[in-house]
Amino acid sequence: MQVLKFGGTSVGSADNIRKVIEIVKGKIEKDNTTIVVVSALGGTTDALLNAGSLAAQGNEQYKDELQRIEHRHLETVKQLIPVQQQSSMLSQVKKMCNEIEDICNGVFLLGEFSLRTRDRILSYGELMSSHIIMAAFNSAGIPAVWKDSRKLIQTDSRFGNAVVNMEATRKQTEDSFSSCKDNLVIVPGFIASNNDNETTTLGRGGSDYSAAILAASAGARRVEIWTDVPGMMTADPRWVSGAKVIPSISYQEAMELSHFGAKVLYPPTIQPVLSKGIPVVIKNTFHPGDAGTVITSQPTTDGNAIMGISSISNLALLSLEGSGMIGVPGFSRRLFEALSREGINVILITQGSSEHSICVGIESASAQKAKEVVDAAFADEILMEKVQPLKMETDLAIVALVGENMKSHPGISGKMFGALGRNGVNVRAIAQGSSERNITAVVSAKDVRKAINALHEEFFETAYKQIHLFIAGTGNVGSKLIGQLQQQQTWLADHMRLHVKVVGLANSKKMVIDDEGIDFNRWQEKLHSGESANINDFVNIIIGKNLSNTIFIDVTASDVVAKVYDTLLQKSISVVACNKVASSSSFLYYRKLKDLAREFNSQYLFETNVGAALPVIGTLNDLMRSGDKINRIDAVLSGTLNFVFNNYDGKKPFADIVKQAQEEGYTEPDPRLDLSGTDVMRKILILARESGAQMEMEDIVCNGFLPESCMTGDVPAFYAEMKKHEQHFKSLFDNATAKNCKLKFVAKYENGNAMVGLEHIPPEHDLYHLYGKDNVVLFYTERYPLQPLVIKGAGAGADVTASGVFADIIRATA
């Protein structure tokens, strides 16, 4: 004997029922009975419940709901069964619909919808579907009989969620099937009856349970649960795109996953088949050839300690605390008795070893009632201040790791909480049974999706780590960065197992968001047609999305954008900054950002603040971390100024050389930031701070070379003023040439002091042979006292700067 159960989606339409018939046709065995347990047509149970509720409220719209239910079932009969065979089934469906209407009319008149009446009304969903499906089998030439599960499964009188009398059910089922010669028996799921032959139900999702009960009672060799998913999965596929089917799992693991929210299986289903050792197979009605999931006592494993990740939403935490609890027996018993009397189910329990507090998790809907009954139960202790009034937290959820083998794998908890911590998921409570079959964490409801994705990636994603990028700034550097990300997609996947998606883009006017990743080939078009926004809107969306492995990239020069870094870092969102403003602003803000990154397990990276893609800051950090001390820094840090002075020879106007540098992408949007020395001041300030100095911009001496009038007005006025002062620039060049020197704008740091300015550099100097837009940094340290450590190379340009930002992004994924 075998038992096949088909859920509401599987029998949700005439076409789907035909699929069911084909599946069962291939399963029927000669001389063996096949029991097919069916749910109501998809959505019918909710519709019946709604009709009853409307009737109880005195709302005559219940009649419209009943008409829709009747029409749907009659149409299903007409689509499934040949015209000449329809009459009796149409009459039977009509008769049952009339009975439903009579009951609802009574509910309407009385204004009362008791659990007993509700069970009676809801039972008609399965009664109608099972009769229709039986008739469909017979009309297809496959002989089938119908058995009433209310005559097979006996329960107590807890209407709505009745408890099965397994011994009575076993006897009734054995008696019914012992003389059964039929190859195919159709049985309605979900419904049963009590000792008084009143209809009861087994709880929502109870058709799975019905199939397991009948299998255990009749001694079936196998149970198949046919549904609309490919099997039990490593995580909810609606939340985790990379969720995988679990091919084989133990009874205990399946129970844990279903208890913690895996919707594919009704939690009590495993109990009846466990003691009998009957395997349960979960299959997909719409892909019957797929292997599905086999639930058995001896599952085959792939060596992974974790089988799956599940969650329960709408959780409330109740905490009973007080010094009067320490060493006093009975507090836990009284707490659970108070909750039990009100029928409040406890999902999770945790207690500190100090006995000062006990914490339980329950459904949020019961939280207020729980507080009232617990406070009443401990009224005397609360009055005497031995315990505090019950504390209640809502908007929480449970995330559970489940795996039979985790007890033999040390470090699972560490990996779990490390992954959650790195993604900024705060854990409110933890529970683990002595069986070590699951580890449970309570987190904020808004963090559930991120938590599950982070854990799935940690334990199951041997393929790719998902990285979510939000980029502010799409100018020269931003555009180059997007192009490089597109170019390297395949390489990152093949060599680093990274799947990098740009899910957000913003400039000063528009923004575009796409959780699946913005098309690299159409990003400009998408951004152009995006919604209006400012940086605060963009940041709020980033935080609201709450995606795992999120990195914010700032390739603007905006002080407004720099001010949002702290908000992001506090949400464990890493920041990669090409923008120098934040790290060169007040020391307090610079220090705050570094501290926040450390506190919230995020990264604050800004390598391109100095020397574009040159490894200047990274090298400096390595020196400091390894115990070296920076004594002095000499540097040419402006690719723009080096380009300008390497190309200016007094023959072509100085203003034209600056314009050329701007057109080739070497300058800031406002070239005065470069020529005034401000940009170089920021860079040497950042290097000084990274060397350990507590310094502000005002502490740096700047020996500028621009006439003061060049610094007023807008950028066109700046160029006009430079043309007026051409003789000034030519005299600077001539004076240096007369001394056989080159002009270099040099930054220096030594003994806590920093300065920048234009200098004459002789041929024997380390800075003399510096060409084009190159930068050079000389570190004089305890280990490099005479011959400095030199870093030299291109220090400007959109391509190289973008590549430095790219490198920081990769560092942030570690």
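Okay, D395: this residue sits in strand β14, residues 391-402. D395 has a phi near 60°, a positive value in a residue other than glycine. Is D395 buried or exposed? Exposed, with a relative accessible area of 59%; the cut-offs are under 20% for buried, over 50% for exposed and partly exposed in between, using a 1.4 Å probe and protein chains only.

A word on the source. This is a predicted model, where local features need pLDDT of at least 70 and side-chain atom pairs count only at pLDDT 80 or more, while totals for chains, interfaces and linings use all residues. Residues are numbered from 1 along each chain as its sequence is written, and side-chain values use heavy atoms, with hydrogens and water left out.

N740 also has a positive phi, near 60°, and is not a glycine. You'll find N740 in the loop between α28 (726-738) and β26.

That brings us to a sheet. β26 belongs to an open sheet of six strands, ordered β25-β27-β26-β24-β28-β29, with mixed pairing; two strands pair if DSSP finds at least two bridges between them. At the edges stand β25 (700-703) and β29 (789-794), each with a single partner strand, so one side of each has no neighbour in the sheet. Neighbouring strands are turned by 20° against each other on average, direction ignored. β25 runs parallel to β27 (residues 753-761), and four bridges join them. C702, for example, has V756 in β27 as its bridge partner.

Now look at helix α23, residues 639-647, which lies across β24 (630-636), β26 (742-750), β27 and β28 (774-781). α23 runs at about 150° to β26, where axes are lines fitted to C-alpha atoms, for helices over the stretch in contact, and angles run from 0 to 180 degrees between N-to-C directions. Contact means heavy atoms within 4.5 Å. Seven of the nine residues of α23 are buried, so this helix is largely enclosed by the rest of the structure. Among those buried residues are L641, F643 and F645.

On to the other open sheet I picked. Five bridges join β17 (residues 465-472) to β21 (residues 550-554), and the two run parallel. Within that pair, L469 stands opposite I551.

Last stop, the cores. A nonpolar core is a set of buried Ala, Val, Leu, Ile, Met, Phe, Trp, Tyr and Cys residues joined through side-chain atoms within 4.5 Å. The largest one has 83 residues, and those with the most contacts inside it include F552, F654 and M722. Which helix gives the largest share of this core? Helix α26 (residues 678-690), with seven residues. A second, separate core of 50 residues includes L80, V93, F137 and I142. As for M722, its contacts include F654, L675 and F729, leaving out residues up to four places away in sequence.
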